[in-house]
Amino acid sequence: PTEFADYFPGTIVGTIAHGETVTGDTSTALSVLGSPAPDNYWLFSLDHGVDLTLDTCGSSYDTLLRLYRRHSDCCEYGLEEVAQQDESPTCGIHAIMDTAVDAGEYLVLVEGSTSDSGEYQLTATFA
């Protein structure tokens with residue numbers, strides 16, 4: 001996943017693992033993919049498929065999540081968008097994404113709805 005940093009300078013924040021909650025701030029980030037809102041990216045790799053839950057509950061602004069899978073034979077930057085989630089019935093303006101994913105390298109995009117930005121927290125659960 002380190003090559004992702006070549007495409008997204010200043011927006012790759014780090015890696016995220018099962019059961020981990022990470023924090024970040026998109027206020028000074030660039031917008032590379034998705035909406036015009038500034039982006040932060042978190043990376044993870046899987047050696048087998050899982051049921052994935054990502055959430056931004058507790059963030060300070062209206063967040064949107066996008067999930068990209070590394071796919072060298074397609075798409076811009078070799079990334080295929082596999083899921084997107086905006087608001088949640090249980091977390092209001094914050095996103096909760098539940099999706100099944102296969103083995104591979106993934107990039108989680110945290111951005112604002114429209115052009116929103118700010119501090120966020122992102123939690124990942126792999127089941």
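This is a predicted model: local features need pLDDT of at least 70, side-chain atom pairs count only at pLDDT 80 or more; totals for chains, interfaces and linings use all residues.
We begin with the strands. Strands of a sheet pair through backbone hydrogen bonds, and the pairing can be parallel or antiparallel. In this model an open sheet is built from five strands, arranged in the order β1-β3-β8-β5-β6, with mixed pairing. The edges are taken by β1 (12–15) and β6 (79–85); each has a single partner strand, so one side of each is left without a neighbour in the sheet. On average, neighbouring strands of this sheet are turned by 25° against each other, direction ignored.

One pairing inside this order can be followed residue by residue. Strand β5, residues 63–70, and strand β8, residues 104–112, are joined in the antiparallel sense by seven bridges. Leu 64 has Glu 111 of β8 standing opposite.

Strand β4 is the next stop. Covering residues 50–55, β4 runs antiparallel to strand β7 (residues 96–101), and six bridges join the two. β4 also pairs with strand β9 (residues 119–126), again in the antiparallel sense, over four bridges.

Now to the side chains. In a regular strand they alternate between the two faces of the sheet. Some of the side chains here carry aromatic rings, and a pair of such rings is described by the distance of the centres and the angle of the planes.

In one of them, the rings of Phe 44 and Tyr 106 have centres 5.2 Å apart and planes at 15°. Planes under 30 degrees apart count as stacked, so this pair is stacked. Phe 44 belongs to strand β3 (residues 39–46) and Tyr 106 to strand β8, so the pair ties together parts that are 62 residues apart in sequence. Are these two residues buried or exposed? Phe 44 has a relative accessible area of 3% and is buried; Tyr 106, at 2%, is buried as well.

Phe 44 also pairs with Phe 126. Here the centres are 5.1 Å apart and the angle between the planes is 35°, and the pair is tilted. Because Phe 44 lies in strand β3 and Phe 126 in strand β9, this pair ties together parts that are 82 residues apart in sequence. Phe 126 is buried, like Phe 44. Taken together, the ring pairs link Phe 44, Tyr 106 and Phe 126 into a cluster.

How values were computed:
Residues are numbered from 1 along each chain as its sequence is written. Side-chain values use heavy atoms; hydrogens and water are left out. Two strands pair if DSSP finds at least two bridges between them. Axes are lines fitted to C-alpha atoms, for helices over the stretch in contact, and angles run from 0 to 180 degrees between N-to-C directions. Rings of Phe, Tyr and Trp (its six-membered ring) pair if their centres lie within 6.5 Å; planes under 30 degrees apart count as stacked, over 60 as edge-to-face and the rest as tilted. Buried means under 20% relative accessible area, exposed over 50%, partly exposed in between (1.4 Å probe, protein chains only).
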